[in-house]
Amino acid sequence: MAEDRIDDTMNDEASARDLDALMNVEPSPEFVARVRTHLEARPLGARVPLDRSMLLWGAAALTLVVLMVWWNDIPETPVSTPAGRIADIMLDRPAVRDVPSHSVAHPVRQGESEVLISPRDAAGLRLLLAAVREGRLDSDALPPVIEDSTPMAIEPIVIEPLVAAADLDAGGAQ
Amino acid sequence: MHEWTDGLAGGFMDVDDALAREFDALLVENSALAFRVAFSVLRHRQDAEDVAQEAFAKAHVRFKQLRDRQRFRSWLVRMVWRMALDHQRSERRRSARESEHGRSHGAWSSDGGVPNDRAAMLWEAIDRLPEKLRQVIVLASIRGHDVAEVGRLLGIPAGTVKSRLFLARQRLKDHLQWLKTESTTR
C-alpha cells in the first residue's frame with residue numbers, strides 16, 4: 001500500500017535518500033559463489049559433530065539407566081499377602097505353591113489383616129518348615145539357644161481384698 | 001532387491017537434490033538482504049560477507065526446519081544481526097590491532113555516493129539509537145521493505161513497526177541536528 005511505503009513517510013528527504021544509499025549496498029558479485037563453495041563441503045542438514053566429552057557423558061548416562069533397569073528387575077519388592085496366605089505358605093499347601101510368587105491378587109479373607117512379606121522370605125519360611133517337618137534341620141547350623149538351668153520363679157501377685165480397702169477409707173473419713 | 005534399494009537410494013537423492021535446489025534459490029534471493037543487515041552493523045564489506053556466509057552455513061545445517069520462505073528470511077535476518085553484533089564486539093576487543101590496519105569502527109567504504117562526513121554522521125546517529133529502533137530503521141531503509149515486511153521479519157505487528165519507525169526517525173533527526181551543531185561549533 002502506498003501509505004505504508006517507508007520512503008513516502010520520511011520527514012527529512014535528504015536523510016531518507018542518504019539512508020537508502022547507505023543501506024542498499026550490494027555484496028561483491030562472487031559472494032553467492034563463495035557461499036556455495038563454502039557449503040559444498042557440508043552435506044545438507046548435516047549436524048554439528050558431537051564433542052567427545054558429550055559422547056562420554058551420554059555413554060555414562062546410558063550405562064546408569066541400564067543398571068537401574070536391571071536392578072529394578074530383581075524382585076525385591078515385598079508382596080502384600082494376607083495373614084491366611086502366610087499360614088498357607090507355612091503349611092506349604094500345594095494349591096498355594098502354584099501361585100506365582102510376585103502375584104498380589106490374593107483375596108484378603110474377612111477379618112484378616114494384610115501382612116507384607118517378600119517372596120524371598122516366603123520361600124525361606126517354606127524351606128525351613130519343610131526341613132523341620134522332615135527332620136532335615138541341622139540344629140548345629142542354628143544359632144545357639146541360651147539355656148538357663150535355674151527355673152524361672154514367678155512371684156504370685158497379691159491383690160488386696162476390696163472390702164479391707166473400703167474399711168480403711170471409712171476409718172480415714174471419721 | 002537391488003531394484004528396491006536402488007529405488008530407495010534414488011528417492012533419497014531426489015529429496016536431497018530438491019532440498020539443495022530450494023536452499024540455493026533462497027540463498028540467491030536473500031544474499032543481498034543478509035549482506036546488508038550485516039553491513040549496517042559492521043560497515044565493512046569483507047566482514048559483512050563473512051558474517052552473512054556464516055549465517056547461511058548455519059541455515060544450511062538447520063534447513064529442514066527453515067524451508068518456509070518467510071520463516072527462513074526472518075530467521076536469517078535475526079541470525080545475521082546477532083552474529084554481526086558478536087563480531088563487532090570481538091572486533092572492538094581487538095581495537096589496537098584494528099587501528100594498526102586502519103580499520104577503526106568508522107572506517108567504512110563510502111558506498112552509495114554519500115559524502116564521507118555526511119555518512120559518518122548518519123552512522124553515528126544510527127549507532128546511538130536503541131537496538132529495537134535501529135533494527136527497524138535499518139530494515140525499513142532496505143529497498144523493497146514496507147512496514148508489513150519489516151514486521152514479518154522481526155516478528156512484530158505492523159503497528160509496532162510504525163511507532164518504532166516514527167520514534168527512530170525523530171531521534172535520528174535530533175541526533176543529526178545535534179551532530180551538525182557540534183561540528184559547526186568546533
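**Close-up views of a predicted two-chain model**

**View 1. Chain A and its secondary structure.** Chain A has eight helices and two strands, where helices (H or I, at least four residues) and strands (E, at least two) are DSSP runs numbered from the N terminus. Along the sequence, these elements of chain A follow the order α-α-α-α-β-α-α-β-α-α. This is a predicted model, in which local features need pLDDT of at least 70 and side-chain atom pairs count only at pLDDT 80 or more, while totals for chains, interfaces and linings use all residues. Residues are numbered from 1 along each chain as its sequence is written, and chains are lettered from A and ligands numbered from 1 in the order in which they are written. Of the 174 residues of chain A, 8% count as buried, a residue being buried if 20 or more other C-beta atoms lie within 10 Å of its own, exposed if 12 or fewer, and partly exposed in between, with C-beta atoms placed from the backbone. Among the contacts of chain A with a separation of 6 or more, 74% join residues 24 or more positions apart; two residues are in contact if their C-beta atoms, placed from the backbone, lie within 7 Å.

View 2. The mean pLDDT of chain A is 70, and 50% of its residues score at least 70, pLDDT being the predictor's confidence in each residue, from 0 to 100. Among the elements of chain A, helix H1 (residues 6-9) has the lowest mean pLDDT (43), and helix H3 (residues 31-40) has the highest (91). Over residues 1-10 of chain A the pLDDT is below 50, and this stretch has 13 contacts in the model beyond near neighbours in sequence. The pLDDT also stays under 50 over residues 95-99 of chain A, for which the model has three contacts beyond four places in sequence. For the complex, the predictor gives an ipTM of 0.74 and a pTM of 0.55.

**View 3. Chain B as a helical chain.** Chain B contains eight helices and zero strands, and buried residues make up 34% of its 186 residues. Its average pLDDT is 82, with 81% of the residues scoring at least 70, but the pLDDT stays under 50 over residues 101-109 of chain B, for which the model has 10 contacts beyond four places in sequence.

**View 4. The largest nonpolar core.** This core has 52 residues, and those with the most contacts inside it are B:Ala34, B:Ala38, B:Ala55 and B:Val80; a nonpolar core is a set of buried Ala, Val, Leu, Ile, Met, Phe, Trp, Tyr and Cys residues joined through C-beta atoms within 7 Å. Helix H1 (residues 2-42) of chain B gives the most to this core, with 11 residues. Domain 1 (1-109) and domain 2 (111-186) of chain B both give residues to the core, so it lies between them, the domain bounds coming from an automatic or database domain assignment. Not counting residues up to four places away in sequence, B:Ala55 touches B:Ala34, B:Leu76, B:Met79, B:Val80 and B:Met83.

View 5. Helix H2 (residues 45-61) of chain B has 17 residues and reaches 25 Å from its first C-alpha to its last, close to the 24 Å expected at 1.5 Å a residue, the expected span being 1.5 Å times one less than the number of residues. Its buried residues include B:Val51, B:Ala55 and B:Phe56. In helix H3 (residues 69-93) of chain B, 25 residues reach 36 Å from the first C-alpha to the last, close to the 36 Å expected, and B:Leu76, B:Met79, B:Val80 and B:Met83 are among the buried residues. B:Arg43 lies in the loop between H1 and H2 of chain B and has a phi near 55°, a positive value in a residue other than glycine. B:Arg43 counts as buried because it has 24 C-beta neighbours inside 10 Å.

**View 6. Helix H8 of chain B and its cover.** Helix H8 (residues 158-185) of chain B has 28 residues, with B:Arg164, B:Leu165 and B:Arg169 among those buried. What covers its buried residues includes helix H2 (13-23) of chain A together with helix H5 (116-127), helix H6 (131-141) and helix H7 (147-154) of chain B.
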